[in-house]
Amino acid sequence: MIYSAFLEKEKGKEELKEELDSLEIQLHRMQSNMKEIAKKSEIISIDQANEEQWVIIYADKGRKHCQVMLHECTKPYRGDWDSAIQAEYRNDSTLHIADIKGVKNKGFGSVLMKHLKEIAREENMQYITGDIVERDFDHVNRLKHFYSKHHFDVKINHQNFSGEIIWNER
């Protein structure tokens, strides 16, 4: 009995050491990755995704478009993002999501959406909109859940394989 409790305590120490080692690696990569990313893009933030992974959020903004990207710090930056939201400015009050791309089921989309909303607020955008198109219907329920979770109104027309989303800041 005492030996079993001892093993559980030791296992806890080993797990803790592994977590600390992982965080240390991520921190070193984060420093290096931020230097490389900053050469080409505006760094927006660092954040954590679902599995407590540290990620760098960065953006490329133009007059008509905005792309918010994410790179996870478990690996070196080689010029490519891991996930991204591509959007365009429709008018003075609306940012329209064209596409969300990248790694699924790691919380990256949620992190990116949080930062896209912050950009919209900073730029006095009242709405974020988007379309759900036929190619999305193989995962339409997942999309509906995702957008609803982020406080978008979601309208789906299953007969026409179409839909729309809208988020209103006010």
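This is a predicted model: local features need pLDDT of at least 70, side-chain atom pairs count only at pLDDT 80 or more; totals for chains, interfaces and linings use all residues.
Let's start inside. Nonpolar side chains tend to be buried together in soluble globular proteins. Here the largest nonpolar core has 30 residues, and I97, M113, L116, I128, Y147 and F152 are the ones with the most contacts inside it. The biggest contributor is α2, which gives seven residues.

Leaving out residues up to four places away in sequence, M113 touches I85, I97, I100, F146, Y147, H150 and F152. There is also a second, separate core of eight residues, with I37, I56, Y58 and A84 among its members.

Now for a histidine. H115 sits in helix α2, and its relative accessible area is 3%, so it counts as buried. Setting aside neighbours within four places in sequence, H115 is in contact with I44, S45, D47, I57 and V68.

Next, look down helix α3, which spans residues 140-149. Its residues V140, L143, F146 and Y147 are buried. Because these residues cover an arc of only 120° around the axis, they lie on the same side of α3. The face turned away from that buried side carries N141 and H145, both exposed. What do the buried residues of α3 pack against? Their partners are β5 (94-102), α2 (108-122), β6 (127-132), β7 (153-157) and β8 (162-168).

Just past α3, the backbone does something worth a look. H151 takes a positive phi of about 65°, although it is not a glycine. You'll find H151 in the loop between α3 and β7, and with 62% relative accessibility it counts as exposed. F161 is another residue other than glycine with a positive phi, this time near 50°. F161 belongs to the loop between β7 and β8 and is partly exposed, with a relative accessible area of 40%.

L16, L20 and L23 make a nonpolar surface patch of about 270 Å². Of these leucines, L20 is located in helix α1, which covers residues 2-38.

Definitions and conventions: Residues are numbered from 1 along each chain as its sequence is written. Side-chain values use heavy atoms; hydrogens and water are left out. Buried means under 20% relative accessible area, exposed over 50%, partly exposed in between (1.4 Å probe, protein chains only). Helices (H or I, at least four residues) and strands (E, at least two) are DSSP runs, numbered from the N terminus. The arc is that of the directions from the helix axis to the C-beta atoms. Contact means heavy atoms within 4.5 Å. Patches are made of residues with over 30% relative accessible area and no salt bridge: like charges are joined within 9 Å, nonpolar side chains (Val, Leu, Ile, Met, Phe, Trp, Tyr) within 5 Å. Accessible areas come from the Shrake-Rupley method with a 1.4 Å probe; for residues, only the protein chains shown count as cover. A salt bridge is a side-chain nitrogen of Lys or Arg within 4 Å of a carboxyl oxygen of Asp or Glu. A nonpolar core is a set of buried Ala, Val, Leu, Ile, Met, Phe, Trp, Tyr and Cys residues joined through side-chain atoms within 4.5 Å.
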